[in-house]
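Here's a quick briefing to read with the structure open beside you. Take it topic by topic and look up each residue as you go.

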Amino acid sequence: MIRSVVRGFGAALPKRVMTNRDMEAIVDTSDEWIVQRTGIRQRYVAGDDETTASLGEAAARAALANGGLTPADIDLVICATSTPDNTFPATSVNIQHRLGMSHGFAFDVQAVCTGFVYAVTTADAYIRGGLAKRVLVIGAETFSRILDWNDRTTCVLFGDGAGAIILEATEGEGTVADRGVLTAHLRSDGSHKEKLYVDGGPSTTGTVGKLRMEGREVFKYAVGMITDVIQAAFDSTGTTADDLDWLVPHQANRRIIDGSAKKLNIDAAKVVITVDLHGNTSAASIPLALATAAGDGRIKKGDLVMLEAMGGGFTWGAVLLRW
């Protein structure tokens, strides 16, 4: 059976770091308030010369170097983003060009914070279907471009960055001992749109718009939705929280992460946390966390790793893979 195995990983962050103290000079907030409610201590903000595509390219090049590959080895580029450089063409096509690729194909996936989970699931389907051997999967965002910097309830939460992995077709035995993607579970429910959305778009206002969020409503649904898909992944593979080596969640809010892990009886020591360093980087959040934990040696070959996220729409999903 063909499995989609992680061959390489990489990350890229803007040059500018914005701490909670910096935020205090912009809006009526405090470091204590932000840390207590979200766990965020700083975030990265893209400069004028940094875009979603440039960050995505840097993360892609890091993943290629980590995997000992070149752009010529890639068949497909998928970029998960809600903040593309242009309405069209797709940011993935831009990244493809930046990498010097004129072969293969590329497209974007838009599922907001769940985008990377959707992109990994899509890449896995292309690999198992025989349409690609190696897929560069990128999560890249410049959410600072769509924030209302006068809205203290949202502007303190988000940051910019990019992360990437390369998935490679590898023969497996068809058991949970295989390396690679073992199962994926995706969900969406458009009835929750008004709870987390951007109030603009080409077809409605003709503008980019700004992010709007009903924070308490999002929090109310988050833990239940996240535990739903994680439990589905466990059930479909016959695994449990005890079998898991690492939970790599979307880094939106420390309280949501802790609540989800507690509800599923996942040991807190198994949870990768980077929200304090990066803030909420939407589709870039999981690959940034993966690159951090794999880069420092925590995530090792053979480890069982759960990825999970929830985002605007609502969308939510989980992927269980063996590193």
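This is a predicted model: local features need pLDDT of at least 70, side-chain atom pairs count only at pLDDT 80 or more; totals for chains, interfaces and linings use all residues.

A helix, as the word is used here, is a DSSP run of H or I that is at least four residues long, and helices are numbered from the N terminus.

- Thr-292 has a relative accessible area of 28%, so it counts as partly exposed.
- Its side chain reaches back to the backbone oxygen of Leu-288, at 2.9 Å.
- Setting aside residues up to four places away in sequence, Thr-292 touches Thr-274, His-278 and Arg-298.
- Thr-121 is 171 residues from Thr-292 in sequence, and their C-alpha atoms are 21 Å apart in space.

**His-250, in a loop**
- Now look at the loop between β11 (246–249) and α7, where you'll find His-250.
- Is His-250 buried or exposed? Its relative accessible area is 5%, and the cut-off for buried is under 20%, so His-250 is buried.
- The side chains of His-250 and Ser-285 make a polar contact at 2.9 Å.
- If you skip residues up to four places away in sequence, the residues His-250 touches include Cys-113, Asn-280, Glu-308 and Met-310.

- The size of an interface is often given as the accessible area lost when the parts come together.
- Here, about 3700 Å² is buried between domain 1 and domain 2, and carbon and sulfur atoms give 67% of that area.
- On the domain 1 side, Cys-113, Val-117 and Ile-146 lose the most area to domain 2, and together they make up 16% of what that side buries.

**Polar links between the domains**
- There are 19 residue pairs in polar contact between domain 1 and domain 2, counting pairs with both residues at pLDDT 80 or more.
- The salt bridge count between the two domains is 1.
- Arg-212 and Asp-148 form a salt bridge, with their closest N and O atoms 2.9 Å apart.

- In soluble globular proteins, nonpolar side chains tend to be buried together.
- The largest nonpolar core in this model has 44 residues, and Ile-230, Leu-244, Leu-247, Ile-266, Met-306 and Met-310 touch the most other members.
- Which elements give two or more residues to this core? They are α6 (215–237), α7 (254–263), β12 (304–311) and β13 (315–322).
- Helix α6 supplies the largest share, 9 residues.
- Both domains take part, as the core draws at least three residues from each of domain 1 and domain 2.
- Zoom in on Met-306: leaving aside neighbours within four places in sequence, its contacts include Ile-230, Phe-234, Leu-247 and Leu-320.
- A second, separate core has 37 residues, including Leu-76, Tyr-118, Trp-246 and Ala-293.

How values were computed:
Residues are numbered from 1 along each chain as its sequence is written. Side-chain values use heavy atoms; hydrogens and water are left out. A nonpolar core is a set of buried Ala, Val, Leu, Ile, Met, Phe, Trp, Tyr and Cys residues joined through side-chain atoms within 4.5 Å. Buried means under 20% relative accessible area, exposed over 50%, partly exposed in between (1.4 Å probe, protein chains only). Domain bounds come from an automatic or database domain assignment. Contact means heavy atoms within 4.5 Å. Buried area is the accessible area (1.4 Å probe) that two parts lose on being put together, summed over both. A salt bridge is a side-chain nitrogen of Lys or Arg within 4 Å of a carboxyl oxygen of Asp or Glu. A polar contact is a pair of N or O atoms within 3.5 Å; within protein, one must be able to donate a hydrogen and the other to accept it, and residues adjacent in sequence count only if both atoms are side-chain atoms.
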